[in-house]
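Take a look at the chain below. Keep the sequence beside the model as you read.

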Amino acid sequence: MVANALSRKNKATLGKPTLWEERQLAELKEMVTELGIILGGEQLALPIVQPMYQEQILQTQSSDIEGSKIRKKMKVGIETPFQVVNNGTLMMGQCLCVPDDEIVKHMVLREAHESKFTMHHGNTKMYQDLKHHYWWPNMKRKVAEYVSKCGICQ
Ligand SMILES: [Zn+2]
């Protein structure tokens, strides 16, 4: 359902990939291949696995204190579960590291919970969907908290 939603949402911008999208394409293809999805064409890779808000996350990452600490550790050779991909985005595995920024987190949560395609999933389903694309400490708790505060779900 979320994959479908992303696919539809991204259709409008398919014609003009951003620099970020181009840079990520190779990685995305790899992910898609891993998932066992056969590519019909170049365009297919983007909408299926691309998380929303990556531009905003990339921008806010640059001023994120926790993220900076992780980057510093990596620079001096300390092993962490994180990686920095070639455009400078901090990732945890294949997930975007969401900065400690309530506005960005809220944006991600809202999209995962109440976009017209996701229609108020419960917190378990919502967390399952989110964890493929995003990571932040205690994300699961934040998801539960978000759902518990949703006026429509109560
Ligand atoms: Zn709800």
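The paragraphs below go from the overall fold to the core and then to one helix pair.

This is a predicted model. The chain holds eight helices and four strands. Read from the N terminus, the elements run α-α-α-α-α-β-β-β-α-α-β-α. Of the 154 residues in the chain, 22% are buried. Contacts also reach along the sequence. Take those between residues at least 6 apart: 59% of them join residues at least 24 apart.

Now turn to the interior. In soluble globular proteins, nonpolar side chains tend to be buried together. Here the largest nonpolar core has 16 residues. Within this core, V98, V108, Y134 and V143 touch the most other members. Which elements each supply at least two residues of this core? They are β3 (95-97), α6, α7 (123-130) and α8. The largest share comes from α6, with four residues. Leaving out residues up to four places away in sequence, V108 touches Y53, V98 and Y134.

Next, look at how α6 meets α8. Helix α6 spans residues 102-114, and helix α8 spans residues 139-148. The two pack at an angle of about 65°, and their axes are 11 Å apart. Their crossing is right-handed. On the α6 side, the contact uses K105, L109 and H113. On the α8 side, K142, V143, Y146 and V147 meet them. By class, this contact has four nonpolar, one polar and two charged residues. V143 links the two parts of this tour. V143 is one of the α8 residues that meet α6, and V143 is also among the core residues that touch the most other members.

Notes:
Residues are numbered from 1 along each chain as its sequence is written. This is a predicted model: local features need pLDDT of at least 70, side-chain atom pairs count only at pLDDT 80 or more; totals for chains, interfaces and linings use all residues. Axes are lines fitted to C-alpha atoms, for helices over the stretch in contact, and angles run from 0 to 180 degrees between N-to-C directions. A crossing is left-handed if the near helix is turned anticlockwise from the far one by less than a right angle, and right-handed if clockwise. Two residues are in contact if their C-beta atoms, placed from the backbone, lie within 7 Å. Ala, Val, Leu, Ile, Met, Phe, Trp, Tyr, Cys and Pro count as nonpolar, Asp, Glu, Lys and Arg as charged, and the others, Gly among them, as polar. A nonpolar core is a set of buried Ala, Val, Leu, Ile, Met, Phe, Trp, Tyr and Cys residues joined through C-beta atoms within 7 Å. A residue is buried if 20 or more other C-beta atoms lie within 10 Å of its own, exposed if 12 or fewer, and partly exposed in between; C-beta atoms are placed from the backbone.
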